[in-house]
Amino acid sequence: MPAGLMAKAPPARIPAAPDFVRMQGERMERLQAIMVQQGLDALVLLGNTNVAYATGAIWSLGDSGRANFEQPVAVVVVGDQWPHLFTPVREDDRLRENMPADHLHGPVYLDFDEGVQLFAAQLGGLVPSGAVVGMDEWTNALRRERSILFASGAPKDAGRVISMAKASKTPDELSAMREGLRITEQAIADVQAKIAPGVRQTDLTATFFRTIFDAGADANILDPIWQVMPARMEDGPWTTTGDLACPLLSTGRELAEGDVLWVDLGISYAGFHSDFGRTWVVGREPSARQRAQYEQWQAIMGAVLDVTRAGATAADLTAAAIAAAGGIKPWMPHFYLGHGLGIDSAEMPYVGSDIGEAFDASLVLVDGMVLVLEPIVWDDGAAGYRSEEVLRITEDGWEPMTDYPYDPF
Amino acid sequence: MTAVEILPDEAALRLARRARVLAAMEEADVDLLIVGREGNARYVSGAPRLWTAGSRAFGPGCVFVRESGAVHLLSTWDEGIPEEIPHENLYGITFNAMNFVKVLSKIEGAATARRVATDSMSGSSANLLPKAFPSAALVDGEPMLRQVRRVKSPDEIEAIRSSVRVAEQSLAAAAEALVPGVTERQLTAVFMEAMAAAGVTTPSGQDVACITSRQGPWRRSDRDAPAQPGDLVAFEAGVVLGGYTGEVGRTYAAGGAGDIDPELAQRSNELWDRLLDACGVGAPLSRLLDAYDAAGVPAPPMPVARGLGLGFDLPLVTHALPLTAGEQHVEAGMVFALTGYVWKEGVGALYRQEPIVVTDSGPESLSTTHPRTRSLTT
């Protein structure tokens with residue numbers, strides 16, 4: 001069994017355990033600096049992951065329907081080292097230990113005019129009148145609020161502020177992310193041991209759920225994908241791109257001997273999302289043709305890793321991948337060769353996406369970025385191979401964040 | 001029976017929902033409706049898409065055109081897409097906001113639409129949508145969507161009943177695992193495993209178990225603290241099946257339900273009776289808040305009633321929004337999770353949440369484990 005990515009380069013520079021207080025302090029320093037630079041007096045954040053970033057609050061993310069209506073809200077004010085958090089669980093000891101009591105407020109409901117009015121009244125006590133406020137997203141009820149947030153038209157984009165602050169991870173963030181990825185790999189090992197003909201996709205999900213929580217996860221973040229790939233692309237669903245359909249939803253479908261499974265999933269731990277991808281073959285050893293796919297995938301991954309370092313552009317990575325794949329783009333056109341990972345499952349930097357080649361050429365990797373590389377090899381008639389690896393960018397190259405073996409290849 | 005194929009929602013269900021939205025668009029004089037919230041997109045399209053946890057920023061996930069009745073949907077493939085949504089109406093995942101503008105501006109009537117409604121908004125979409133709809137005013141689409149979604153059809157009620165059944169089944173497994181020494185996280189693990197084993201891989205929430213505090217009514221402790229004998233553990237079981245949320249809340253004592261404090265159980269039952277009394281058709285929903293006051297029970301930080309449907313629905317009844325509660329009334333066909341939460345110092349809390357459907361003759365539970373007989377005194 002080939003060893004995982006850490007056999008190539010052991011991760012020496014990530015602290016063994018995160019210091020969450022220090023992590024939050026450093027985040028706030030970054031946010032404050034960007035806010036000053038952009039002339040923002042305050043940020044109002046609604047997006048779950050943005051709120052988690054700004055406050056360090058951890059809660060188990062739920063279905064998006066409820067998450068959009070019962071969302072915790074964060075307010076960051078220039079000059080105040082503590083964020084404000086509006087939440088129904090302010091009596092949570094984990095919050096009380098890490099935030100001043102006068103920065104913890106009851107829940108607000110910003111989808112309702114009454115909720116917005118009550119929030120605006122509280123906000124008026126936190127920010128000076130005439131303050132320049134940024135917001136990441138808003139409800140229609142918020143848009144009707146004219147005293148602070150929409151006093152001078154649409155508010156500035158606070159999502160951009162978070163994007164800038166989170167792009168490069170601090171050592172404590174890297175350490176927490178590594179733990180989330182480790183939990184994921186631990187659970188996946190339990191799942192992989194159960195792969196056999198007759199097992200249902202949803203059974204794999206059941207095992208995965210059981211083990212991620214037992215191992216310390218806060219939430220599952222994506223309905224896990226165990227996609228049985230068709231041998232030929234034309235045997236799969238129609239797509240807008242004329243390319244592969246992936247990821248497709250899991251069902252009670254039973255696995256059959258010889259099925260090629262593309263696995264894709266992730267969890268949340270301490271406010272970070274993990275990501276995992278592998279290809280498995282059900283109930284038999286990979287064929288020579290399948291092994292050749294895997295070898296080519298390794299060659300592509302190796303070629304990309306060879307050029308991956310701070311200072312490289314996204315275009316350097318895509319060029320290396322294309323060269324190693326014999327001139328074609330070895331990734332799905334509706335996705336990318338790689339993407340960032342952190343508080344969101346997919347965040348900047350996007351590498352090889354439809355934002356375009358000019359963007360890739362302008363995107364420079366920096367120390368501390370976390371990148372998920374997910375090239376594919378498609379071999380029409382014999383399906384294909386896809387795996388993901390997570391790494392952190394360093395000044396002189398990269399360090400692995402994942403270490404799962406490639407078994408059965 | 002677990003499905004082995006990805007299928008759209010039943011034609012009768014999805015077409016009826018779509019017709020209700022269309023009528024509301026006519027009433028509100030909306031030419032195009034753009035929804036980002038998954039529940040709204042599912043309501044209009046009837047297409048299942050990948051479940052992800054947490055809130056989502058607004059993006060054009062689904063577009064509904066009043067004039068043609070056409071649905072345009074963000075989906076890179078046609079698996080699970082209803083037959084009446086043709087390939088040319090599907091648009092793929094994009095990371096390039098300008099590609100969204102291109103897609104949207106090609107939709108029939110985009111150039112001339114006067115009123116385009118959205119269900120929420122983000123900074124980038126606020127800048128981009130006017131480029132796709134140059135003649136349009138962007139208006140609030142949420143009131144009409146909430147209006148049509150609030151009252152459920154019989155098919156929808158059955159869908160929620162199916163979700164509740166899986167929630168109860170999974171809750172039973174978690175309750176079985178409640179022994180001294182177990183942690184909240186481990187109980188969540190058991191619930192999630194049982195849910196997926198029953199064929200449903202999408203929870204409504206993942207904060208499934210709470211060891212209620214003996215020190216304060218709303219205190220939460222570490223998720224890895226072991227349950228002590230006699231601790232009252234509140235379970236919030238929620239699953240999403242076919243897009244519909246089913247939720248049930250129950251409280252059990254670690255080491256045997258017989259240990260529950262009789263005075264606490266009595267107060268909880270009194271509150272519950274008052275809550276049910278307030279659920280008669282036509283009553284203002286603020287009566288649910290009054291029920292807490294009348295029972296002498298402090299207002300909980302979570303909503304007292306929250307609509308069940310595709311993700312989130314009205315009503316929303318919380319002490320944090322007293323006026324909103326008074327403006328809403330109990331209607332036949334409403335389905336909501338009704339919450340009772342009573343705490344006693346030194347003991348802990350009794351939490352119960354019941355999926356209630358309002359009928360002409362009053363509230364009925366969609367749960368098969370009736371709150372009186374199961375959750376407290378047995």
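Two strands count as paired if DSSP finds at least two bridges between them, and strands themselves are DSSP runs (E, at least two residues; helices are H or I, at least four), numbered from the N terminus. Everything here comes from a predicted model, where local features need pLDDT of at least 70, side-chain atom pairs count only at pLDDT 80 or more, and totals for chains, interfaces and linings use all residues. Residues are numbered from 1 along each chain as its sequence is written, while chains are lettered from A and ligands numbered from 1 in the order in which they are written.

**View 1. A strand pair across the two chains.** E6(A) is joined to strand E6 of chain B (residues 121-122) by two bridges, and the pair runs antiparallel. Zoom in on A:Glu137 and you'll find B:Ser122 as its bridge partner in E6(B).

**View 2. The side of chain A that touches chain B.** Taking contact as C-beta atoms, placed from the backbone, within 7 Å, the two chains meet through 71 residues from chain A and 74 residues from chain B. Several elements of chain A each put in at least two residues, among them helix H5 (113-124), strand E6 (137-138) and helix H9 (201-214). H9(A) supplies the largest share, eight residues. By type, chain A's side splits into 27 nonpolar, 27 polar and 17 charged residues; nonpolar here means Ala, Val, Leu, Ile, Met, Phe, Trp, Tyr, Cys and Pro, charged means Asp, Glu, Lys and Arg, and the others, Gly among them, go down as polar.

**View 3. A hairpin in chain A.** Strand E14 (residues 338-340) and strand E15 (residues 347-351) of chain A are antiparallel and share two bridges. Six residues sit between E14(A) and E15(A) in this hairpin. A:Gly340 stands opposite A:Glu347 of E15(A).

View 4. Chain B divides into domain 1 (11-148) and domain 2 (151-376), with bounds from an automatic or database domain assignment. Their C-alpha centres are 33 Å apart. Domain 1 of chain B brings 11 residues to the contact and domain 2 of chain B brings nine. On the domain 1 side, helix H1 (11-28) and helix H2 (38-45) of chain B are the elements giving two or more residues, and H2(B) gives the most, with four. That side of domain 1 of chain B has six nonpolar residues, one polar and four charged.
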